[in-house]
Amino acid sequence: MDIKDLLAAAIKDAAQKAIDNGTLKQGTLPEVMLEVPPQKEFGDFATNFAMQSARSLHCAPRQIAQAVVDNLDCASVDKMEIAGPGFINFYLKQNWTADLLAGILAAGENYGNLPANGLGRVQVEYVSANPTGPLHVGHARGAAVGSAMVNLLRAAGYDVESEYYINDAGNQMNNLAASVNARYLQLLKLEKMGGVPADLTVKQLDEMPTGIPFPENGYHGYDIIETAQRIIRIYGKEFVALEEKERLAKFLEIAYKEKLAGLKEDLEAFGVTFDVWFSEQSLHDADKIREACKFLEEKGCVYEKDGAKWFNSTAYGDDKDRVVIRDNGVSTYFAADIAYHRNKFERGFDRIINLWGADHHGYIARVKAAVSALGFDADKLEVLLLQMVRLYRNGDIVKLSKRTGETITLRELMDEVGVDAARYFFCMRSLDSQLDFDMTLATEKSNENPVYYIQYAHARICSIARQLAEAGIEAVALDELKLDTLQAPEELALVKKLGEYPELLARAARERAVHHVATYTYELATLFHSFYNQCRILGVNTDLQQARIALVKAVGHTIRHALGILGVSAPERM
């Protein structure tokens, strides 16, 4: 049990003693929340326990705080102060940091992995971009934050499964096939007209007099031209003789496989993998969409109007009712979402987390309405919205790719700034705030670049280990360490920061806030750099040297653990 757990238990015991001796009235005691005050003069830890328990104990917060102070028994506490409306500030004895560090070292490689919390199974669905083209920077933020959130939740003791929902049914797939078909025929016509320019752009191809129109709802991305060119290289004119319907079916199969493989390849290169790839088409094939709509209809939640079938979503808090079956008998995308979320809950998840783009804000109410109508608890569905990303290069906003003149893709971003910088920058701000991504800063090898600064701290730690090995200095066993020799301000600050890590992870997981991990890692690296500049390891007495070696080891592990959650590497040399 670490110092925070000990202190929290002591506070609760003190309150119970006050109840038992009649100082306080009977009541339910809340969990004790301890925080590190923003300023050192307010102590090592502070709690608002007295204010949280005031209603239950029918007593003024300051009276409760005084009762806790009078009855608290904790050997590590030096003094206590009651502040404001009932905060209690705790000042710990000097040697508490030695006990804290000993506990961290005893945990070893497990430090930062919290015990299973018994909160049930959690599913996190993220990215889920249509397989009709490459991932762009908006998807990239979702990929980085989503995968980091899965890592964070697992570290914090949650049972998590990650999922990608493949939108491989409906008009978007038909539009993909039609787009490839048009580019295929246009390129063949160009070859017949005298050849395809080596630097052909989308704009040029659209303006060339091929006589073959591009579909109104087609995909104009340059990747569609590349797909058509690959088909020509492999199959030549083989598909020209086919009936258009048959040719479209062929192109749909080819393009879908290629686009999905490309998505997976880019995500894996970005350090993102999924436990489950769930196909929307599988819902159609198993008739699950019709089943879900029929279920709601039998419950009286679906009615007919103007030849279409409508879900009565206003009865569940939505601002208007929604069509689920069009007047032509074709189900809507929303109907597929109803069936998909029904499937999620039927798989036994206790908590479902969806990461969507900010443009899906208006979609939340209707999906939650459907979940309620299906008979599930809509509060168990969380929808987190990712705000937009603005890219900057040399102070200017970057909107378009240099190569294609279109949106910057994930692959291009990785090529320019690297996976580590991209992932850290996407994770370092709250997901509900717009992110200004400085591509120039992300590539700098300087202390101004936060990911470089953190990785350099880890590389320094590895350098220390190499220097010690060269000098023939080996670390001693934990029970031989004299950790109370660590008294320098830089040493104590590091130990205290390390001690915050488990609670930081628990809080970040509860709040679904991976940016807290990014911030913590930067702050820990800052404290380590200060320690490195002020506290020598070679040339000091053996007890202090060994204590500092142990401290450095603990910092190294914690930085690796935190960077691992963010999906950022921890290099040994830089």
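Buried, in these notes, means under 20% relative accessible area. I am working from a predicted model, and I kept that in mind throughout.

**Entry 1: strand β13**

I started with β13, which covers residues 389-393. With that cut-off, 4 of its 5 residues come out as buried, so the strand is largely enclosed by the rest of the structure.

Next I looked up the sheet around it. I found an open sheet of 3 strands in the order β14-β13-β15, with mixed pairing. Its edge strands are β14 (396-398) and β15 (435-438), and each of them pairs on one side only. On average, neighbouring strands here are turned by 40° against each other, direction ignored.

Then I went through the two pairings. β13 and β14 run antiparallel and are joined by 3 bridges. Leu391 has Val398 of β14 as its bridge partner, and Arg393 is partnered by Asp396, also in β14. The two strands make a hairpin with 2 residues between them. I checked the turn as well: Asn394 has a positive phi of about 55° there.

**Entry 2: Phe437 and the cores**

Which residues have the most contacts inside the largest nonpolar core? I found Leu72, Phe426 and Phe437, in a core of 131 residues. Helix α21 (residues 542-566) gives the largest share of this core, 13 residues.

**Entry 3: the parallel sheet**

I moved on to the other sheet on my list. It is open, has 5 strands in the order β7-β6-β5-β11-β12, and its pairing is parallel. β7 (276-279) and β12 (381-386) each have a single partner strand, so one side of each is left without a neighbour in the sheet. Neighbouring strands are turned by 25° against each other on average, direction ignored.

**Entry 4: aromatic rings**

How many aromatic pairs does a search of the whole structure find? I got 25.

I picked out Phe239 and Phe251. Their ring centres are 5.3 Å apart and their planes stand at 85°, so I logged the pair as edge-to-face. Planes over 60 degrees apart count that way. Phe239 is in the loop between α9 (222-235) and α10 (244-269), while Phe251 is in helix α10, 12 residues apart. Both Phe239 and Phe251 are buried.

My other pick was Trp356 with Tyr363. This pair is also edge-to-face, at 5.9 Å centre to centre and 70° between the planes. Buried or exposed, I wondered, is Trp356? Its relative accessibility is 9%, so Trp356 counts as buried. Tyr363 is buried as well, with a relative accessible area of 13%. Both belong to one aromatic cluster, together with Phe311, Tyr316 and Phe334.

**Entry 5: arginines over rings**

Last, I looked up two arginines. Arg121 lies over the face of Phe349, 4.3 Å from the ring centre. The charged end of Arg423 sits over the ring of Phe270, at 5.6 Å from its centre.

How values were computed:
Residues numbered from 1 in each chain as written. Predicted model: local features only at pLDDT ≥ 70, side-chain atom pairs only at ≥ 80, totals over all residues. Heavy atoms only, no water. Pairing = 2+ DSSP bridges. Axes fitted to C-alpha atoms, helices over the stretch in contact; angles between N-to-C directions. Core = buried A, V, L, I, M, F, W, Y, C linked by side-chain atoms within 4.5 Å. Buried < 20%, exposed > 50% of the residue type's maximum accessible area, 1.4 Å probe, protein only. Phe/Tyr/Trp six-rings, centres within 6.5 Å; stacked < 30°, edge-to-face > 60°. Lys NZ or Arg CZ within 6 Å of the ring centre and 35° of its normal.
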